[in-house]
Amino acid sequence: MHRGLVQHQTLSLLDDASTVRKLEFNLRRNTELDHTDAIDAAARDFVYADCRDVYWNPETYSLLWGTPVWDQATPAQRVVLNQLYWVAYYAQIVSAEIATIFLNQVSAAGLYALEDFRLVCDNLDLESRQERAHINAFKTIGEAVEHELFGERLFTYPMRSVFDHTMIHADASVARNFWRRLQIRGFLVMASANAFLASQYLLIRGLRTLNGKLVQHQLSRHYLDLDETARETAPIPSRINYYHFMDESFHFNTSRVVGLEVPRSIAPPSRPERWVVDRAVRGCQDDHANASVVVNGIFWYDPATFRTVYKLFRSTIFGMDHGEALAMLDACFGSESEGLHAALRTHATAADSYAAFVEPVAWLAADNRDMRHMKRNDAARYLRNNRAALQRFRRS
């Protein structure tokens, strides 16, 4: 380990009464409102036939919403696109939550050895148990839907390692993936024995989940806006939108308090420690640099989705032949649309929100504090990249 990454002498967390109160309140309320049993029961009770003809999300949260395929879709096809948004969105969330379970334990290892830091670890332990229930529900329902509609996977996948790319449709090469895995392993070794880096994993987690908090609040509205009678018959996936949002709201509170306030109980970071965190924030910017018209609210690199979307167009849902499917790919990904501008607005809101989240961290590099890398995105860049990728896809 670098000589600058040594274990700090710390104050007691209990000396910071404000932070302790926030963590105690968060743990108490998350325990009282824990939705694990409700999510487990919903996953067990899910039968696709019971809700296959209705929307599960607000209409704008549909796969490829606002693109030419959405504009031309029949009402029945739009219902499927709305449901596939749920499947695809939570397939991405599964990948993130697998990493969260693992890294929560790493962070706890780095903090638990310090005086009076058990309260942080108790919050993380409860969250990891909740994440396991989330993953089971998302996989159970997503896989059941795709088996019924296609007889094969489109957006779902077998369980993944924490060392796989968290963004399941990323702009990634073999070399980039190798370097990413190397960086993750290095961070795991350092954070498990370093209190500051252990706390700053929660800063990074907060950044990576902030946009999800915003989107999941909107998804939960499809259930929250119903009256009590209607909620009793609401589609199970809509109920899970709400249950998940409630759990994740407490998880985000943990990220904010631990990432931004707990460091007050730890000695100021050394230059090497600041460098490690800066690299991690830049990694978040890299992963979230793209806007996606496939799933507005998940920052996929859309060329990586072409093969999957092509299979969707060729499926019995749309029944396109090869030429029609390629033409529709060109229309959806190679031209401006309402869907593209909606995705770019979501991306811009996320970049601004990320910058506001890290604003108190005065020592971050300026390009990270301002989220300059994310803010480079625009319609012209998106279309230029997609058109070149579409040509390569046609040749393949």
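For the classes used here, Ala, Val, Leu, Ile, Met, Phe, Trp, Tyr, Cys and Pro count as nonpolar, Asp, Glu, Lys and Arg as charged, and the others, Gly among them, as polar. By these classes, the lining of the second largest cavity has six nonpolar, two polar and one charged residues. The structure is a predicted model. This briefing covers its aromatic pairs and its cavities.

**Aromatic pairs**
- The whole structure contains 19 aromatic pairs.
- One of these is the stacked pair of Y90 and F138, with 4.3 Å centre to centre and 20° between the planes.
- Y90 belongs to helix α5 (residues 75-112) and F138 to helix α6 (residues 118-150), so this pair ties together parts that are 48 residues apart in sequence.
- Y90 is buried, at a relative accessible area of 1%, and F138 is buried as well, at 4%.
- F306 and F333 form a tilted pair, with 4.9 Å centre to centre and 50° between the planes.
- That pair links F306 in helix α12 (residues 306-314) with F333 in helix α13 (residues 322-333), 27 residues apart; both residues are buried.
- Ring pairs also join F46, Y48, W56, Y61, Y85, W86, Y89, Y90 and F138 into a cluster.

**Cavities**
- Three cavities of 30 Å³ or more are found in the whole structure.
- The largest cavity has a volume of about 100 Å³, and its lining includes W300, Y301, D302, R381 and Y382.
- Six nonpolar, four polar and two charged residues make up the lining of the largest cavity.
- The second largest cavity holds about 60 Å³ of space, and Y90 and F138 are among its lining residues.
- Helices α5 and α6 each supply at least two residues of that lining, and the largest share, four residues, comes from α5.

How values were computed. Residues are numbered from 1 along each chain as its sequence is written. This is a predicted model: local features need pLDDT of at least 70, side-chain atom pairs count only at pLDDT 80 or more; totals for chains, interfaces and linings use all residues. Side-chain values use heavy atoms; hydrogens and water are left out. Rings of Phe, Tyr and Trp (its six-membered ring) pair if their centres lie within 6.5 Å; planes under 30 degrees apart count as stacked, over 60 as edge-to-face and the rest as tilted. Buried means under 20% relative accessible area, exposed over 50%, partly exposed in between (1.4 Å probe, protein chains only). On a 1 Å grid over the protein atoms alone, a cavity is a set of points where a 1.4 Å probe fits but cannot get out, and a pocket is an open set with protein on both sides within 12 Å along at least five of seven lines; lining residues have an atom within 4 Å of a point. Grid points are joined across faces, edges and corners, and a volume is the space filled by probe spheres set on the points.
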